[in-house]
Amino acid sequence: MPRPRTIISIPWLGAVDRAAGQVGRQIAGALRAAIAGNALKAGELLPSTRALSASLGVARGTVVEAFEQLQTEGYLESQVGAGTRVAAMLADQPRPAGPKLDRNARSSPLQIPLRARRLAEVAAAFTPMPEAPFAIAVPGGAVAPDDTWRRLGNRVRASRAAAPSSYGDPRGVMELRQAIADYVRKSRAVHCEPEQVMITAGTQQGLYLAGRVLLSSGDHVWTEDPAYPGMTAVLDDLDLVTTRVPVDAQGIDVDAGIAACPNAKAAFVTPSHHYPLGMPISMARRKALVAWAQRRNAWIVEDDYDSELRYAGHPFPSLQGLAPSRVVYLGTLSKVLFPSLRLGYVVAPAPLIDAFAGARALLDRHSPTADQHVLAAYMREGLFEAHIRRIRGVYAARRTTLIAALQRHMPRGVTLQPSDQGMHLLLWPPRDVDDVRLAKTALADGLVVRPISPMYKTAPRPGLMLGFGGFAPEELEAAAMRLGEAMDQYGLRLRARARTR
């Protein structure tokens, strides 16, 4: 059986006009122009004369004639067994100048759309920081998934179920949705069935999907003040009118929200562990928030940030358990495993889950299927809950080490925000300190602390977030000492002494 002839597409060569005659000269001229215009570069291999003649539909001898002419002119060079290439010496030859620009011609400057400028600012804000003390959410070493995760992943990926296939359900793999539904019922008092669970690419995507499904451009919403910048960026991008509701020791002040914006259609909150201050919403405030949502026919979007990592007593139950039909619950698995996993979940009221699936399909169809199967097996075999118990103990020890080190090395006037959960601590310097500038001073010394004054809308207060999750006790001890020195360099220690005289 004869082999099928391979047709080679060479866009820069163009079509041969047989009616015009002199086909060999046409081919030579097109090759010469392609070389002069840098479409073909010095040393680049050309197709064989046989392949090129078949592609152009001309006799092979015609192509040979064109190649020989260009070799004579020095454009091509040929070696037996090595094919024909553009002459290497042409790399050092000047290329003809391009078309001259008319500098007197009027041109309008490029106008960057407002939304593009805002998104560029978001990209800058989300640029990963160095993985140095006290970076937030950097699990590793003793808190990373152990070899069991790797072995299980190899086994599951080798199975037929996790093999690459066609598109999947935007809601996610049912085995993982079932495992998550079982887990949040037991550990977070969430009322749901697997059909109400949708797998996401993390909490950030869950926030965006909730805004798309529940709200329209121009709708009024509440969120906390201070608040997670990723949450406020989503609300701004969705063109929502956001009222920042102050937070006190009991969490979001519902009465203040009602007074400032009584017609809000949703509230975006972190009830179990406020970001960045760390306190939970009290039971009285939770009931007030649910009563407001039911009275106003509004929604509550619950970001269950760091809920698993409480070091005194049991984790707080979810807000969703108080009003399953009014609350969209967002969780993540990346934080307690590793951020690059990019798997989270939404638990939505049953009438909304199809809308969430549709919104997800428009974004990116679904999360990687193989990773979902691995995580489903990890949870189904009890390994995830064992991992949570293990890292809770590791984090508790690191937290204790850091608190003691800060008490030894911090200047007077610096206080620690009370909190008994999460992967970061919050330091309060004196109110006249520029925490953004102080964070830059620390960064110059190799420390990554996060200032919180930019997270406020009104009455900003300086503070520094210190992550401890990914760093060994000896690293935290040394870093606390260096942070004290950075504060000294900033001048904080001298000012604190002056106030005590």
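**Exercise 1. Which residue in β12 does Thr-415 stand opposite?**

Before you start: this is a predicted model, in which local features need pLDDT of at least 70, side-chain atom pairs count only at pLDDT 80 or more, and totals for chains, interfaces and linings use all residues. Residues are numbered from 1 along each chain as its sequence is written, and side-chain values use heavy atoms, with hydrogens and water left out.

*Solution.* 
- Step 1: find strand β12 at residues 424-428. Strands here are DSSP runs of type E with at least two residues, helices are H or I runs of at least four, and both are numbered from the N terminus.
- Step 2: two bridges join β11 to β12, and the two run antiparallel. Strands count as paired if DSSP finds at least two bridges between them.
- Step 3: the residue opposite Thr-415 is Trp-428.

**Exercise 2. Find the residues with the most contacts inside the largest nonpolar core.**

*Solution.* 
- Step 1: know the term. A nonpolar core is a set of buried Ala, Val, Leu, Ile, Met, Phe, Trp, Tyr and Cys residues joined through side-chain atoms within 4.5 Å; buried means under 20% relative accessible area with a 1.4 Å probe, counting protein chains only.
- Step 2: the largest core has 63 residues, and Leu-375 and Leu-483 have the most contacts inside it.
- Step 3: helix α13 (residues 383-409) gives the most to this core, with eight residues.
- Step 4: look around Leu-483. Beyond its neighbours within four places in sequence, its contacts include Phe-134, Met-410 and Leu-427.

**Exercise 3. Where is confidence lowest, and where is it highest?**

*Solution.* 
- Step 1: pLDDT is the predictor's confidence in each residue, from 0 to 100. The chain's mean is 86, and 88% of its residues reach 70 or more.
- Step 2: helix α16 (residues 492-500) is lowest at a mean of 47, while strand β7 (residues 266-269) is highest at 98.
- Step 3: pLDDT is also below 50 over residues 1-8.

Conventions: Buried means under 20% relative accessible area, exposed over 50%, partly exposed in between (1.4 Å probe, protein chains only). Contact means heavy atoms within 4.5 Å.
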